[in-house]
Each structure stands twice: as structure tokens, then as C-alpha cells.
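Subject: Structure handover

Hello,

Here is the structure I promised to pass on. Please open it first, then read my notes below.

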Amino acid sequence: GYHRSGQFEMFDALVARLRTGDTHSHLELDKIVMLNAASRGDAKLALAMADLVAQDPASIPAVVQTLCKMGRADYAMALVSLDKLPDNNITANIRLELAISDAKVAINPSELSKATLAMIDRGFTPSFRLARNVVSAIWTLGGHGMAIRAYNQLLAAGVPKSTNMMLLGLKLHAHSSEPEAMIGIFDELRKQLAATDFHTLRVPTRAISALVMTLIEKRDVDAAQQAFDFLLTLPIPKTDLPFTPLLRYYINHRMPDRLSTLLSRLVQHDIPLDAAGIDCCCNYFAASVEATDFANFLRYLDRSQTLDRVSDSLFTLFFTTSAAEYRVVDFEWALDALIKLNRPKATWRAIVDQLGKNDPRILSTMVHAAVRLSTDKLEMARMLLLSSIKSEWRAVVADAVLTALHEHKAAASSRIYQLALSAVVATWNRVQRLAASDSKITKEFLASVLDRNLESAIAAGIGPQVICHALLVISLTAPTGVSRCLEIMQTMDPRERRVQHYGAAARGCKRFKLIAGINAVREEMLRNSVAPTAKLLNNFMACYATAAPQSMSYMEEVVTRPEQQDAASDSESLEPLALSNNEADDDALFANLSGIRLHQVALERVMSVWNEFARQGLTPTHETYTLMLQALSNARKFTQGERLISELLASGLGHNQDTVYQWIRLRMLRGDIKGALCLFRAIGNTERCEQLARNSSLYRGLQKVSLEPKHFAIFIHRYLSSEEPDKAMRFFCAMHELGFRGQPWIYSLMLNTLANADRRDLFVETMKRMAASKIPLSNEVMRVVREYSQTSGLTRGSDPRKHW
């Protein structure tokens with residue numbers, strides 16, 4: 001009893017008491033000790049007991065069976081002298097037991113079948129257990145086909161059709177190419193089981209499931225239901241019953257009454273269902289019934305301890321359905337159950353992605369509720385943030401997590417703030433790259449999340465890099481963001497303020513052209529003794545230089561001809577202007593001024609920052625010189641601009657694409673188109689540079705500069721504005737022959753100008769060039785083509801739209 005029930009400590013104690021003071025060997029006790037040692041893996045004791053038990057001829061079958069189970073058939077063959085045993089059925093069964101474990105059989109399993117048939121021919125009968133083991137061994141070593149042939153041969157030779165043998169037949173044919181053979185075996189098995197009283201019975205689960213499916217296919221569903229009902233009467237675990245094939249059939253063929261009856265058996269007795277059946281039923285409830293029925297089915301799965309088999313997608317489907325029907329109780333129950341399952345991050349990642357695609361508001365509700373329902377709110381918050389770290393909806397998760405923690409007065413750690421704010425910043429960068437229609441999340445929402453949480457995050461001790469990125473997002477999203485950045489920095493410890501934080505605010509000033517904001521940033525830095533960097537000073541200069549409308553921008557120029565140029569525009573003296581010291585008036589000052597006076601004011605501000613480089617001991621960069629050239633050109637300080645080129649070369653920086661572009665622009669504004677063309681032709685041309693350098697050192701190093709589309713675009717724009725389309729076309733073609741692609745505005749400007757001039761030949765050539773370069777068509781380009789095609793009769797000749 002102790003051996004069969006696995007109570008090995010009681011077994012050992014009882015054996016020790018029985019052996020105390022008794023030096024004689026007891027056969028039955030030795031046999032039980034041998035069996036127990038074999039089951040416990042104690043090979044040494046089992047072999048020792050086998051030596052003792054084998055002395056009794058009647059116990060030899062038990063010894064051989066035990067040793068073969070242990071994989072020690074060699075020891076059994078050495079221990080038992082088969083030649084000395086009588087030639088009877090017991091000895092034949094012993095030989096068959098050893099043959100099953102013979103190494104030769106593993107090489108050629110058909111030998112085992114021959115040995116069994118030979119034994120039967122001699123008038124001996126293999127035991128039920130051995131007959132079944134023979135077929136199982138052949139199946140393992142030789143495959144289905146050989147095992148089925150052996151099964152049929154043994155039954156034809158007279159081997160009794162025991163229950164286990166027929167169950168093995170079901171299992172064999174369930175995996176074969178002719179599963180319909182199971183039906184005949186099951187009919188015989190049913191008659192035999194009906195006449196037998198079993199206390200327990202184990203049936204092959206996959207085999208009876210395949211049987212039910214075969215009955216549905218070869219007969220009808222009623223026959224399958226009858227077989228199922230018969231299986232219900234047998235003493236087998238209810239978990240082994242084939243519910244899934246019938247459930248799937250009733251669902252697919254819309255038989256709700258039978259489905260309800262079958263489900264009631266499951267639910268009333270909390271019978272566990274396999275994963276396939278769970279998926280099938282969950283999909284049915286999600287698609288065909290209300291969320292309440294779906295929730296009740298999930299509650300049954302929870303009671304039957306199979307809720308962990310529900311896939312991530314089905315949980316997501318339930319959350320979506322219950323939220324759409326406003327079933328808050330069911331929603332929160334399922335969420336609480338999911339939390340208790342301790343699913344990995346992959347589960348939450350799948351749910352976050354799917355809910356976000358369906359409706360970000362439902363995702364926010366789910367995250368908020370998950371934090372609220374968790375006993376360890378900080379751990380759940382961390383899990384959600386980590387699971388969504390690569391999701392496009394991570395900012396929604398971050399906002400909901402921080403909001404939930406705040407509402408429940410759970411202080412978020414610096415790690416949680418770091419994860420949450422980093423997710424929001426990363427999403428803002430992604431949205432920045434996308435078109436407004438391609439994202440469901442707005443930059444304003446993301447900036448508001450950072451605005452609400454940044455001060456608390458700073459107090460929690462997040463790193464300076466995250467602070468810098470968050471400030472940058474706030475400042476770049478709205479004009480009011482700059483002042484908000486300065487307010488947030490006021491709450492920081494002065495020792496923790498970095499120049500990068502002020503640089504983030506300055507970027508917003510540069511973007512929205514906030515002169516007052518730049519002045520405020522500069523004053524704050526001076527008050528807190530924060531030394532600027534060259535990059536920050538460049539941002540200051542860029543704000544001043546671009547705050548005034550450009551007199552000749554990349555996209556919008558007014559070509560100044562020499563005969564129209566104001567003589568006073570190249571004056572080297574600037575009349576001092578009474579500038580206000582009030583920051584609030586600075587933006588108004590720039591708004592009220594216009595023309596050359598406005599550019600002169602902007603130049604004064606740029607010069608003030610330029611002088612700051614020397615005071616701070618900083619070295620101007622290429623960007624610094626580019627901005628200075630831009631401001632000097634706008635203010636018509638052409639001579640000073642040429643002199644700045646000399647300073648650029650003297651500093652050791654040399655020319656780059658941006659400084660050369662501004663130099664070309666300066667000469668165009670001055671009306672020196674020949675000088676501008678001279679510069680253009682010298683770019684990347686060593687021979688021409690050497691020729692020009694003999695007369696002026698300013699051209700030194702131009703051969704190292706590479707042409708860019710903007711160098712072509714400025715000439716295209718100039719010639720189009722001066723009604724010289726042929727010259728513009730030459731630059732346009734040259735740009736595309738070098739493999740360059742211009743900005744979208746240059747194509748719409750080119751086509752619009754040619755259409756107004758009714759230059760059909762150049763219009764068509766332009767579109768051919770665009771098609772060859774695979775230029776995307778903007779709405780403006782399509783408008784110009786459509787209008788010109790309608791008004792000029794272009795479609796009667798060569799229709800440019802055919803190129804697309």
C-alpha cells in the first residue's frame with residue numbers, strides 16, 4: 001500500500017521494522033522492495049533484490065519485467081537462464097519481454113512482430129500487457145504504418161481484443177491516413193465497456209477527440225453526440241472528454257440550443273476546457289453575444305483554473321467589447337483577473353498595441369484601472385511602462401500611469417518618471433516626423449503631459465538629459481512654452497541648472513521668433529552665472545536674424561537690380577536706434593518696424609551676440625558665420641559681408657555649403673549676378689578656384705565645397721523672378737542631372753511661372769524631369785497642371801499628366 005501510494009518514508013520505516021531481528025529472506029518482501037527501489041531509481045538496491053527474487057522460478061517474470069523497465073535487459077538475460085526454464089507460456093512471455101528491449105529490435109522493429117507471430121504459431125499467447133507493448137514498441141521504432149500492420153496481424157492471429165489493446169488501436173488510427181477505421185474499433189469497444197464494470201479508465205484524449213471529429217465527418221453530428229454521451233457514462237476524467245470538436249461544430253453551424261446544452265455541462269461542473277476550445281468559445285462570445293455573456297464565460301474559466309489559456313488577443317477583444325458597452329464591472333473584473341495571472345510583459349505589450357489601434361481612450365482607461373486595481377501600484381506602473389517601451393502608444397500609457405499614481409497618492413520613483421517622460425519625448429519626435437493626418441496623438445497633448453509632470457519628476461530626481469529633452473518639447477510646441485520652461489527652471493536647484501536647459505528654451509524662441517523670450521533667457525543665464533556655449537549663442541543669433549522677414553529667402557526673393565539699388569543701403573554706418581529695455585516691447589518693436597530699418601535692428605541684436613563670443617572666449621562656428629552673413633545681407637551691409645568672408649578664412653574654418661550659399665545670396669541682393677555666378681561655378685572646381693585665388697584669397701578652398709540643391713534653387717528662383725525661364729531651366733536640368741531633388745516649392749514655382757508665361761515646351765520638359773526623378777506631386781503642383789491643361793489646350797498635344 002505504501003509503495004503504490006508513493007509514501008516512501010512510511011515504506012522504509014515499515015521495512016526496517018519487519019527486518020529488525022530477522023536474518024531470513026522473505027520472498028514477497030524482497031519482491032516489493034525490488035519494485036519500490038526500481039520506481040525510486042535506486043538501481044543498486046533493485047539489482048541486489050532481483051538477485052534474491054530470481055531464485056524463485058515463479059517470480060522470474062516479475063524480475064525480468066522490472067529489469068526491462070529499468071533498461072537493464074542485459075542484466076536480466078545474464079541473471080535468468082532461459083534454457084533451464086520449462087517451454088511453456090510463461091517462458092515464452094519472458095522471451096518476448098526481453099525481445100522488446102533487445103538492441104537488434106531498435107534497428108529492425110519488424111523482427112519484433114515476427115517474434116510475436118512465431119510465438120503465437122507455437123501455441124503460446126502473449127499477455128494483454130505484452131501484446132500492447134509490442135505494438136507500442138513497433139510504433140515508436142518503426143512508425144504508424146508498421147505499427148498498424150502489426151496490430152492487425154496480432155488480432156488476426158488470435159490475440160485477445162482487450163480494452164487497452166483497442167484503446168491503442170484508436171490511438172494508432174487517430175494518427176493514420178485512414179482515421180475512419182476508428183469507428184469500427186469504437187463500436188466493438190463500446191460493447192465491451194458496456195458489459196464491464198470499471199472503477200477507473202484512462203482513454204487517449206487526442207484519439208477520442210479525433211474519433212468524434214471522424215464521426216462528424218463520416219456519419220453525422222448525431223452519431224458524434226451519441227459517442228460523446230456514451231463517454232460521459234464511463235469512469236474517465238471529465239477533462240479527457242472531447243468537448244472542443246462538438247463546440248466548434250455547433251458554433252460554426254449556428255446550433256445555439258445544442259451549444260447551450262454542452263456549455264451548461266461545462267459551466268455547471270467547472271470542467272476545464274482546452275486552449276482550442278477556449279479560443280473558439282471566446283471568439284463566439286465576442287462576435288455574437290453581449291459583453292456580459294463573454295464575462296460570465298471568463299468567470300467560468302477562472303473557476304476551472306483555465307483562464308491562463310486565454311490568449312492576449314482575446315483579452316484585448318474583451319476589453320474593447322466591454323468598454324464599448326460601458327460594462328465597467330466586467331471590464332475591471334477581467335483586468336483584475338489578468339493582473340492576478342502575473343502575465344509577462346509580452347502580454348501587456350500585445351494588449352497595449354491592440355487597444356491603442358482600436359481606441360486610445362480605451363487603452364488609457366485600461367492602464368488607469370490596472371494601476372488602481374494593483375496592490376503594488378508602482379510595480380504595475382513599471383511593468384506597463386516597460387511593456388510599452390517600443391509601442392507607438394507608449395505616451396498614452398505614460399500619461400495614464402502618471403495620472404493614476406497621482407490620483408492615488410502613490411509617489412512615483414525617479415525610474416518611473418524617467419521611463420514615462422522618455423516615452424513621451426520619443427513619441428513627440430515620432431509625431432514630429434509624421435504628417436498631422438498620420439498620427440492620432442498630437443504634439444500639444446504630449447507637451448501638456450510633460451508640462452503637468454516635469455516639476456514632480458525633477459523633484460523625484462530624474463536625470464538632466466531627460467529634463468533637457470522635456471523642456472525642448474515644451475518650448476518647441478507652442479509660443480507660450482518658452483515662458484513655461486523658464487518657470488519650471490525657477491523651481492530647480494540652481495546647482496542643477498545646465499546650459500542645455502537654457503538652450504532648450506532658446507530653441508523655442510528661435511522657432512517662434514520670440515525676441516522677448518531670447519532676452520529673458522539671456523538675463524536668466526546672466527543672473528544665475530551660467531556660461532553660454534557656442535551652440536546656444538548661435539541659437540540666439542538665429543532668433544534675431546530670422547525674426548525679421550527675409551528680403552531674399554530660399555523660398556521668397558525680391559531680386560535687386562543695380563539700377564534700382566538704394567545708394568544708402570550699403571552705408572557702413574548704422575544710425576543708433578532707441579531700443580526699449582522692456583522685454584515685452586521687443587516683439588512689438590520688430591512687428592512695428594519694416595524694410596531696411598527692421599533689418600538694421602535685427603543686425604544690432606545679432607552683433608551683440610557676435611561680440612559675446614569674444615567676451616566668453618568662445619570660437620565662432622560655421623553656423624555663426626552663416627547667421628552673420630545672413631543678417632549683414634538683410635541689412636544691406638554688403639562690404640561688411642565680404643569682409644566677414646575674409647575673417648572666416650582667417651579663422652581656419654574655411655568655406656562650407658551654408659556660408660557659400662549666403663555669400664551667393666549676398667551678391668544677388670547687391671545685384672552682382674556675375675559675381676554670384678562666378679562663385680557658383682567655382683564650387684568644387686579646382687582649376688577655376690586656382691584662377692580666382694590669384695586675384696582674391698576669398699575664393700580659397702571653394703573646391704572642397706560640394707554643390708547642394710539650394711545652390712541651384714537660388715538661381716532658379718532669381719531667373720524665374722526676372723522672367724528669364726530659359727536660364728532657370730538650365731539650372732533646373734543641371735540640378736537633376738547631378739541626381740539632386742529640390743524642395744516641393746521649387747517645382748510648384750517653376751511650373752506656375754512657366755504656365756503664366758505660356759512656355760509649353762519648358763512646362764512639359766519640367767514635368768518629364770520630375771517624373772524621371774520620381775518627385776512626389778504636391779497639391780499645388782497638381783493644381784497648376786490641371787489649370788494649365790484646361791486653359792492652354794495642353795491636353796490636345798503632349799499631356800504632361802501621362803508621365804505619371
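Does Leu 215 count as buried or exposed? At 2% relative accessibility, Leu 215 counts as buried, because the cut-off for buried is under 20%. The residue lies in helix H14, which covers residues 205-218. Leaving out residues up to four places away in sequence, Leu 215 touches Ile 183, Asp 220, Ala 223, Ala 224 and Ala 227. Thr 233 is 18 residues from Leu 215 along the chain, and their C-alpha atoms are separated by 19 Å.

Confidence

Please keep in mind that this is a predicted model. The average pLDDT of the protein is 85, and 91% of the residues score at least 70. Two stretches need care. Over residues 551-584, pLDDT stays under 50. The model has 72 contacts beyond four places in sequence for that stretch. Over residues 795-804, pLDDT also stays under 50. Here the model has 18 contacts beyond four places in sequence.

The cores

In soluble globular proteins, nonpolar side chains tend to be buried together. In this model, the largest nonpolar core has 235 residues. Which of its members touch the most others? They are Phe 319, Met 366, Phe 715 and Ile 716. Take Met 366 as an example. Neighbours within four places in sequence aside, Met 366 is in contact with Phe 331, Leu 335, Trp 348, Ile 351, Val 352 and Leu 355. Another core, of 22 residues, lies apart from the largest one. Its members include Val 53, Val 63, Val 64 and Ala 76.

Thr 66 is also worth a look. It lies in helix H5, residues 60-69. Thr 66 counts as buried, because its relative accessibility is 6%. Not counting residues up to four places away in sequence, Thr 66 touches Met 34, Leu 35 and Ala 38.

Helix packing

Start with helix H38, residues 673-682. Its buried residues are Gly 675, Ala 676, Leu 677, Leu 679, Phe 680 and Ala 682. Which helices do they pack against? The partners are helix H37 (657-669), helix H39 (686-693), helix H40 (709-721) and helix H41 (725-737). Gly 684 follows H38 and has a positive phi, near 75°.

H37 also packs with helix H35, residues 622-634. Two packed helices are described by the angle between their axes and the distance between the axes. For H35 and H37, the angle is about 10° and the axes are 9 Å apart. H35 and H37 are therefore roughly parallel to each other, since angles under 35 degrees count as such. On the H35 side, the residues that meet H37 are His 622, Tyr 625, Thr 626, Leu 629, Gln 630, Ser 633 and Asn 634. On the H37 side, they are Asp 658, Thr 659, Gln 662, Arg 665, Leu 666 and Leu 669.

Arg 484 is found in helix H29, residues 481-490. What does its side chain make a polar contact with? The partner is the side chain of Asp 451, at 2.4 Å. Neighbours within four places in sequence aside, Arg 484 is in contact with Asp 451, Glu 455 and Ile 474.

Lys 443 lies in helix H27, residues 443-460. Its relative accessible area is 24%, so Lys 443 is partly exposed. Residues up to four places away in sequence aside, Lys 443 touches Trp 428, Val 431, Gln 432, Thr 477 and Arg 511. Arg 430 is 13 residues from Lys 443 along the chain, with 9.8 Å between their C-alpha atoms.

Positive phi in loops

Most residues other than glycine have a negative phi. Asn 342 counts as exposed, because its relative accessibility is 65%. Lys 409 sits in the loop between helix H25 (394-407) and helix H26 (414-433). It counts as exposed at 78% relative accessibility.

Best wishes

Definitions and conventions:
Residues are numbered from 1 along each chain as its sequence is written. This is a predicted model: local features need pLDDT of at least 70, side-chain atom pairs count only at pLDDT 80 or more; totals for chains, interfaces and linings use all residues. Side-chain values use heavy atoms; hydrogens and water are left out. A nonpolar core is a set of buried Ala, Val, Leu, Ile, Met, Phe, Trp, Tyr and Cys residues joined through side-chain atoms within 4.5 Å. Buried means under 20% relative accessible area, exposed over 50%, partly exposed in between (1.4 Å probe, protein chains only). Contact means heavy atoms within 4.5 Å. Helices (H or I, at least four residues) and strands (E, at least two) are DSSP runs, numbered from the N terminus. A polar contact is a pair of N or O atoms within 3.5 Å; within protein, one must be able to donate a hydrogen and the other to accept it, and residues adjacent in sequence count only if both atoms are side-chain atoms. pLDDT is the predictor's confidence in each residue, from 0 to 100. Axes are lines fitted to C-alpha atoms, for helices over the stretch in contact, and angles run from 0 to 180 degrees between N-to-C directions. Angles under 35 degrees count as roughly parallel, over 145 as roughly antiparallel, 65 to 115 as roughly perpendicular and the rest as oblique.
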